[in-house]
Amino acid sequence: MTDSRIATARLGATGPEAGVQGLGCMGMSFAYGPSDANESRATLERALELGVTLYDTADAYGAGENEKFLSPFFRAHRDEVVIATKFALAIPPDDPTRRVIRNDAPYIRQAVEASLKRLDVDAIDLYYMHRRDVNVPIEETVGVMAELVREGKVKHLGLSEVTGGELRAAQAVHPIAAVQSEWSLFSRDIEANVVPAARDLGVALVPYSPLGRGFLTGSFAKAEDLTADDFRRQQPRYTGENAAANAALLEPIRTVAEAHGSTPGQIALAWVQQQAAVHDLPVIPIPGTRKPTRVEENAGATRIVLGEEDMKLLEPIAAQVAGDRYADMRFASAGRE
Ligand SMILES: NC(=O)c1ccc[n+]([C@@H]2O[C@H](COP(=O)([O-])OP(=O)(O)OC[C@H]3O[C@@H](n4cnc5c(N)ncnc54)[C@H](OP(=O)(O)O)[C@@H]3O)[C@@H](O)[C@H]2O)c1
């Protein structure tokens, strides 16, 4: 692995320039078992050295803890980083273990102030609606987000887990820089409607969970390999018979990895990255890791070019995956297409 910086891409027609691969920071405070804070901090610094400049968080990750954890790093490197955070998964006062989706104006206004305070910055570079509340017209939500841009609190807008139609309606109100949705060798449903809409509108795609939440690297094979509090234990793809069936799907990824002298995880990331050329739009995946050596490995994937034969071997995988992306599919846009 060379130490040279990774290539850059623009986050959509109107968005900022960033390294062609970003860093998902969620696991540093939330969802994937215990983290070592020093190791996470070293990961952030190593990522930046490698040219990884888009850092992804959300107010919901650890109920604000992730934004607070990242703040010193962002402040130390304010001009070099693109800070992306999100609103919409609210904690109801009567039950801190639950999340309700809120897209209404009073909630957005309260959420942005809280994120700015925790991050301790003057403006958020990319502010996403994390999930869609179907009771609020998207035009209304994006209208409020556009006000935040005019007020200087937010520089660019993004949407997560929206349909192609919702993206088009949103773009009619204010330019959208990026759509963040799950996209990987295991999750390709956005290719039907969301990706074509993004291409037409000049919106970038930011694939989340590009490593299939780690499953595509082979770092775990089933729910029982994970700690008791790990969110992936509840995900249908990684439990019981589904996990065993899905583990068998990794074989062609290993074959391609061997041919390239790389790791399966790098092939998974190279495949997502290559969707930029396949679909003719900017694609900036945000693999999540808390380890400097893994961020090096992942950034190295930006230099792998898969050939036609490789793509053919990888093509049939997604259609064979057993189990939904979420236990509660209200969290996915696919049901609304
Ligand atoms: N918009 C949304 O609704 C949404 C949903 C989910 C995630 N996200 C965002 O997307 C980011 C990435 O998604 P994700 O974290 O769910 O999944 P992911 O990037 O597909 O996978 C992350 C997992 O893979 C492991 N990993 C990473 N690099 C590895 C390597 N080279 N070798 C072996 N294992 C490796 C990580 O472990 P270690 O951390 O221990 O290295 C972690 O457990 C998140 O951090 C978050 O910012 C957004």
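In the predicted model described here, the axes of helix H1 (residues 37–49) and helix H2 (residues 65–76) come within 11 Å and cross at roughly 40 degrees, which makes H1 oblique to H2, a term for angles that are neither under 35 degrees (roughly parallel), nor over 145 (roughly antiparallel), nor 65 to 115 (roughly perpendicular). Axes are lines fitted to C-alpha atoms, for helices over the stretch in contact, with angles running from 0 to 180 degrees between N-to-C directions; helices (H or I, at least four residues) and strands (E, at least two) are DSSP runs numbered from the N terminus. Residues are numbered from 1 along each chain as its sequence is written. Local features need pLDDT of at least 70 and side-chain atom pairs count only at pLDDT 80 or more, whereas totals for chains, interfaces and linings use all residues, and side-chain values use heavy atoms, without hydrogens and water.

Contact (heavy atoms within 4.5 Å) is made by Ala 37, Ser 40, Arg 41, Leu 44, Glu 45 and Leu 48 of H1 with Phe 69, Leu 70 and Phe 73 of H2.

Strands E4 and E5 belong to an open sheet of 7 strands in the order E3-E4-E5-E8-E9-E10-E11, with parallel pairing, where two strands pair if DSSP finds at least two bridges between them. Strand E3 (23–24) and strand E11 (204–208) stand at the edges with a single partner strand each, so one side of each is left without a neighbour in the sheet. Strand E4 (residues 54–56) is joined to the parallel strand E5 (residues 82–87) by 3 bridges, and Asp 56 stands opposite Ala 84 in E5.
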